[in-house]
Amino acid sequence: GSIFGVLNPRPARRAGCIAVSFETQLISLGASPSLRFCDARTQDGLKCQAPYNAESGEGFCEAHARMSHGQRGAIGGAGRQGVRRVAPLATVTRGSGGAH
């Protein structure tokens with residue numbers, strides 16, 4: 001997965017999101033072959049998408065890895081205690097002078 005650095009972000013209008021004003025505030029730091037995103041389902045039926053280290057051998061984020069297979073496979077997911085969905089940081093549009 002790709003790793004990005006965000007310099008001096010500001011709160012966005014949408015809850016849980018941040019915004020940047022200039023492309024130079026978003027820096028690509030590289031890629032990590034060990035970065036994965038959890039495929040377990042949440043209570044609302046969506047993918048969890050919390051990041052985790054694939055080298056851990058668990059195959060799920062920390063919260064879902066602690067659950068039994070039956071708990072993760074329950075209808076609608078296994079709950080999200082301690083798990084936060086990560087929202088996209090920004091959408092950068094080249095030539096617009098900023099991000100949205």
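Reader: Let's start with charges. Which residue forms a salt bridge with Asp39?

Author: Keep in mind that this is a predicted model. The closest N and O atoms of the pair are 3.6 Å apart, and a salt bridge needs the nitrogen within 4 Å of the carboxyl oxygen, so the pair qualifies. The structure holds 1 salt bridge, and the partner of Asp39 in it is Lys47.

Reader: Are those two side chains buried, partly exposed or exposed?

Author: Buried means under 20% relative accessible area and exposed means over 50%, with partly exposed in between. Asp39 comes in at 48% and Lys47 at 36%. Because those values fall between the two cut-offs, Asp39 and Lys47 both count as partly exposed.

Reader: OK, cysteines next. How many disulfides are there in the structure?

Author: A search of the whole structure was run for them. A disulfide needs two cysteine sulfur atoms within 2.5 Å. The number found is 0.

Reader: Then what is the nearest cysteine sulfur to Cys38, and how far away is it?

Author: Cys38 is in no disulfide, and its nearest cysteine sulfur is that of Cys61. The bond is ruled out because the sulfurs are too far from each other. As for cover, Cys38 is buried at 0% relative accessibility, and Cys61 is buried at 3%.

Reader: Let's do backbone angles. What is the phi of Asn8, and where is that residue found?

Author: Most residues other than glycine have a negative phi. Asn8 is not a glycine, yet its phi is positive, about 50 degrees. With a relative accessible area of 70%, Asn8 is exposed. You'll find Asn8 in the loop between β1 (2-6) and β2 (10-11).

Reader: And what about Gln49: which loop holds it, and what is its phi?

Author: Gln49 lies in the loop between β5 (35-37) and β6 (51-53). Gln49 is partly exposed, at 31% relative accessibility. Its phi is positive although Gln49 is not a glycine, at about 65 degrees.

Reader: Now the outside. Which residues form the nonpolar patch on the surface?

Author: Patch members need over 30% relative accessible area, and Ile27, at 34%, is partly exposed. Ile27 sits in strand β4 (residues 26-31). Together the patch residues have about 330 Å² of accessible area, and they are Ile3, Leu7, Ile27 and Leu29.

Reader: Let's zoom out. What pattern does the chain follow along the sequence?

Author: The chain has 2 helices and 8 strands. Of its 100 residues, 23% count as buried. Reading along the sequence, the pattern is β-β-β-β-β-β-α-α-β-β.

Reader: Last one: how much of the accessible surface belongs to carbon and sulfur atoms?

Author: As for contacts, among those with a separation of 6 or more, residues 24 or more positions apart account for 40%. The accessible surface of the chain comes to about 7000 Å². The share belonging to carbon and sulfur atoms is 53%.

Technical notes:
Residues are numbered from 1 along each chain as its sequence is written. This is a predicted model: local features need pLDDT of at least 70, side-chain atom pairs count only at pLDDT 80 or more; totals for chains, interfaces and linings use all residues. Side-chain values use heavy atoms; hydrogens and water are left out. Patches are made of residues with over 30% relative accessible area and no salt bridge: like charges are joined within 9 Å, nonpolar side chains (Val, Leu, Ile, Met, Phe, Trp, Tyr) within 5 Å. Accessible areas come from the Shrake-Rupley method with a 1.4 Å probe; for residues, only the protein chains shown count as cover. A salt bridge is a side-chain nitrogen of Lys or Arg within 4 Å of a carboxyl oxygen of Asp or Glu. Helices (H or I, at least four residues) and strands (E, at least two) are DSSP runs, numbered from the N terminus. Buried means under 20% relative accessible area, exposed over 50%, partly exposed in between (1.4 Å probe, protein chains only). Contact means heavy atoms within 4.5 Å.
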